[in-house]
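Hi,

Here's the structure I said I'd pass on.

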Amino acid sequence: MEFSKLAGVFEKLEATSKRLELTDDLAELFKATPENEIKIVAYLCAGVLLPEHHGVDLGLGDKFAERAIALVSGKSVKEVETDYRKTGDLGDTAERFATGRKQTSLSRATELSVKKVYDNFYKIATLTGTGSQDLKIKLLAELLSASDGVQAKAIIRFVTGGLRLGIGEPTILDALSVARQGDKGLRPALERAFNMTSDIGLVAELFFSKGIAAIEKIEPQPFSPIRPALAERLDSAEAIVKKLGKCAVEQKYDGLRLQCHKAGNRVEIFSRRQEPMTHMFPDLIEKIRKTRCRNAIFEGEALAVDEAGNFLPFQQTIQRKRKHGIAEKGEDLPLVLVAFELLYLDGKDLTNEPFHKRRELLERIAAGSGVEVSRTLVTDKEIDVQKFFEESVTAGLEGIVAKDLNAPYTAGARKFAWIKYKRSYAGHLADSVDAVIVGYYIGKGKRTKFGLGGVLCAVFDESERRFKTIAKVGSGFDEKELASFFAVLEELKTKKKPDNVDSVLEPDFWVKPKVVITIVADEITRSPTHTAGATETRSGFALRFPRITVLREDKKPQDATTVKEIEDLFELQGK
Ligand code: AMP
């Protein structure tokens, strides 16, 4: 397929945020896509080269893209930069400079294909070693020199991560169904397949080549991560027992969620966002290997412990995720792995089995391996749930997770199969909020030297796939943290408001919505200064007295707290 076709659809999609239109335009694109290219087209639409677990990341910096644009347009990097400052969008700059070129240039003789674009992207993402930087710029320039304005814009937005989030996986799944059947009826089956594989390209390809019957047969496979089940929240033992009746309550551990895959001697570990993380946990591998089974997929929480075996706070556990000094950190910060779910065992998919059965098998395979299992209590009594909660909190944990004994594993979805009930200090919200930074303010007064005065934070509106602001946060970080945090935000700075952000406030600088932080606050109020949950007749939600607690490198922007969750928290607090 010609790349102009894909770029044309991207251009059209940019102009609408209406889900229905998005779906129909995408469905038309998929109908026109040859079967052997549907996989890469699905990836490109989702804004990725490959699923996260392949560990291939394109994300090029703006500087890099500026050099490629300069090379092709014959302008200096300085001129490109000046134009970027004017347009505020490097994609727009690429478009202007590309259309400014003579259309008769030799390389335009052959139309750019989707495959060529994908291949060059892949090489750019994977080249390493001396001279690779220059080669990458050449590969990007090669694409730009064969592009018209619309194509150049799409290419630059893709490589710099500036494609808007409008086309999320749910829209792609809807569109696949519409393309083949004329309606969205096949979405549930496609969605389950996606949740089991975390691979939108694979699902699209299998669906187009083998049909829905093959999709329905997809089962979990070791080394292909399953999308994580998420918890709903309630704020009392009474509400939990009312909702679930007899249930299992478990301690809620505040660590790093890991999905462990084992087949024979091979072990791989994935993060909650499906990144490969095996190399970071050499000390856990042996324990996972010793579990009593041939092959398995199970989930647990990894936590750093002190010498006495007490769990340390998340801030300390996450140090292990930082790339450097893994071995040394292993000695300084020993980890325990507390397992709480079993999804697959010895060739059998367990995701549709009731929780009580998965739990029983989990206990069996973990016994004697060194992998611990979460502490649990099965009860139908409110008083027992409350006592268990209080014991957990006294032990320094976040709270509890209550589980529906008969529920399947709800991959990729937030359902009442799991309910979290978290500690809240008097006068505080029942839960912390994971927010995405969309802008920042320059430090004033005593903070001038750290650069950063505060950050503008947003939550995720799932239905519109947009980030909506909820708080301006200036406190929580100490001086050292502020300085290093500032460096991260500087890298993500953009000159105008990102397309997928809704905000009334204007920060000093906008940043691409990438960084997730956890915020605690006293309460949620209504405020006209924020856009989260705002409608024509109602003000948005705002966090009162917000403080940053930790940088959540384990969460993607789309994993941030959603507007719907904020509404639920607002309701909970009203009671
Ligand atoms: P939250 O991240 O606050 O939405 O809470 C859900 C998270 O709690 C899961 O993603 C897990 O990482 C974590 N968690 C800790 N302990 C448990 C447990 N016993 N069962 C399930 N999830 C747990």
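This is a predicted model: local features need pLDDT of at least 70, side-chain atom pairs count only at pLDDT 80 or more; totals for chains, interfaces and linings use all residues.

Residues are numbered from 1 along each chain as its sequence is written, and side-chain values use heavy atoms, with hydrogens and water left out.

The ligand is surrounded by 15 residues, counting those with a heavy atom within 4 Å of it. Among the closest are Glu 250, Arg 257 and Lys 403. For polar contacts (N or O atoms within 3.5 Å), a side-chain atom of Glu 301 sits 2.7 Å from a ligand oxygen, and one of Lys 252 is 3.2 Å from a ligand oxygen. The protein buries 93% of the 490 Å² that the ligand exposes when taken alone (Shrake-Rupley method, 1.4 Å probe).

Next, helix 12 (residues 200–210); helices here are DSSP runs of H or I, at least four residues, numbered from the N terminus. Its buried residues include Ile 200, Val 203 and Phe 207, where buried means under 20% relative accessible area (1.4 Å probe, protein chains only). Down the axis, the buried residues of helix 12 fall within an arc of 165°, so they line one face; the arc uses directions from the axis to the C-beta atoms.

Finally, there are zero disulfides (cysteine sulfur pairs within 2.5 Å). For Cys 260, the nearest cysteine sulfur, that of Cys 293, is 11 Å away.

Cheers

How values were computed:
Buried means under 20% relative accessible area, exposed over 50%, partly exposed in between (1.4 Å probe, protein chains only). Helices (H or I, at least four residues) and strands (E, at least two) are DSSP runs, numbered from the N terminus. A polar contact is a pair of N or O atoms within 3.5 Å; within protein, one must be able to donate a hydrogen and the other to accept it, and residues adjacent in sequence count only if both atoms are side-chain atoms.
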